[in-house]
Amino acid sequence: MKSWKKETKGEVFSPLYGGKKMLTCAYCATELSSKYCPFCEMELKDYQISKNGKRMARTLDFIPAEVEIFQDTKSLMQKETIELLFLLRYARKHRSDVYNLRINVHRATEQGNEMQEYNAASYSDYEEATRKVWVIENIIKERIGYFPSKVTEKFIYIYLGRINQSNEKKMKIKESSVQENA
């Protein structure tokens, strides 16, 4: 196993340990001397290693584009939960638009217009849109235990606020102020 200090060119300091920054596990804040965390009992990837007990930062660098709802399930599973919430909002709107088109095509068919092939295509489009919504809902449900019935601006704002709040809270055990009697 390589020494972590060699990999980081010795730039390790921490106010907790004589002014040196210390590399820590992003899950449990255990001080690291390599990429192996003895508390978590696992080899860590670079993004799982932080400094001075900081948590892994989760941020939204950009709002995903609506066209991303058409990605395959494997690609969607790689996205951050916040991105999926935006995509769920887009996918539900897309399904609603496809449904409204389907209703219009159905009405035109009932009035005797030659729209049978469009009727079949609109049903296929609606089924695909519905399945995409289900995929995104179920990925979100797998991660947080439920999927929101509505994804409003307020919901996303609150969710982002909680992410930022969690990012700021350091993992630090305070030293005991109780002194032993001599």
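Helices are DSSP runs of at least four residues, numbered from the N terminus. In this predicted model, helix α4 spans residues 116-144 and holds both Glu127 and Arg131. The two residues are four apart, about one turn of the helix. Their side chains form a salt bridge, with the closest N and O atoms 3.0 Å apart. Glu127 is partly exposed, at 32% relative accessible area. Arg131 is partly exposed as well, at 47%.

The chain as a whole contains five helices and four strands. Along the sequence, these elements follow the pattern α-β-β-β-β-α-α-α-α. The chain has 182 residues, and 31% of them count as buried.

Six salt bridges were counted in total. One of them joins Asp46 to Lys35, with a closest N to O distance of 2.6 Å. This pair links distant parts of the chain. Asp46 sits in the loop between β3 and β4, while Lys35 sits in the loop between β1 and β2, eleven residues away. Asp46 is exposed, with a relative accessible area of 52%.

Another salt bridge brings together the side chains of Glu153 and Arg89, at 2.7 Å from N to O. Glu153 belongs to helix α5 (residues 153-168) and Arg89 to helix α3, so this bridge ties together parts that are 64 residues apart in sequence. Glu153 is exposed, at 55% relative accessibility. Arg89 is partly exposed, at 30%.

Helix α3 covers residues 81-110 and also includes Leu85. Leu85 is buried, with 0% relative accessibility. The C-alpha atom of Leu85 lies 8.3 Å from that of Ile136, although the two residues are 51 positions apart in sequence. A further pair is Ala65 and Tyr90, which are 25 residues apart along the chain. Their C-alpha atoms are separated by 8.9 Å. Ala65 is found in the loop between β4 and α2 (73-77). Its relative accessibility is 37%, so Ala65 counts as partly exposed.

The cysteines were examined next. A disulfide is a covalent bond between the sulfur atoms of two cysteines. The cut-off for the sulfur pair is 2.5 Å. The sulfur of Cys25 has its closest cysteine sulfur in Cys28, at 3.8 Å, which is too far for a bond. For Cys40, the closest cysteine sulfur is also in Cys28, at 3.7 Å, and this is again too far for a bond. The count of disulfides is zero. Cys25 and Cys40 have their own accessibility values. Cys25 is buried, at 0% relative accessibility. Cys40 is partly exposed, at 26%.

Two residues other than glycine have a positive phi. Ala29 has a phi of about 70° and is not a glycine. Ala29 lies in the loop between β1 (23-25) and β2 (36-37). Glu41, also a residue other than glycine, has a positive phi near 60°. Glu41 is placed in the loop between β2 and β3 (42-43). With a relative accessible area of 61%, Glu41 is exposed.

Finally, the surface carries a positive patch. The patch is formed by Lys21, Lys51, Lys54, Lys170, Lys172 and Lys174. Among these residues, Lys51 lies in strand β4 (residues 49-51). Lys51 is partly exposed, with a relative accessible area of 43%.

Notes
Residues are numbered from 1 along each chain as its sequence is written. This is a predicted model: local features need pLDDT of at least 70, side-chain atom pairs count only at pLDDT 80 or more; totals for chains, interfaces and linings use all residues. Side-chain values use heavy atoms; hydrogens and water are left out. Buried means under 20% relative accessible area, exposed over 50%, partly exposed in between (1.4 Å probe, protein chains only). Patches are made of residues with over 30% relative accessible area and no salt bridge: like charges are joined within 9 Å, nonpolar side chains (Val, Leu, Ile, Met, Phe, Trp, Tyr) within 5 Å. Accessible areas come from the Shrake-Rupley method with a 1.4 Å probe; for residues, only the protein chains shown count as cover. A salt bridge is a side-chain nitrogen of Lys or Arg within 4 Å of a carboxyl oxygen of Asp or Glu. Lys and Arg count as positive and Asp and Glu as negative; His and the chain ends are not counted. The place of a charge is taken as NZ of Lys, CZ of Arg, CG of Asp or CD of Glu.
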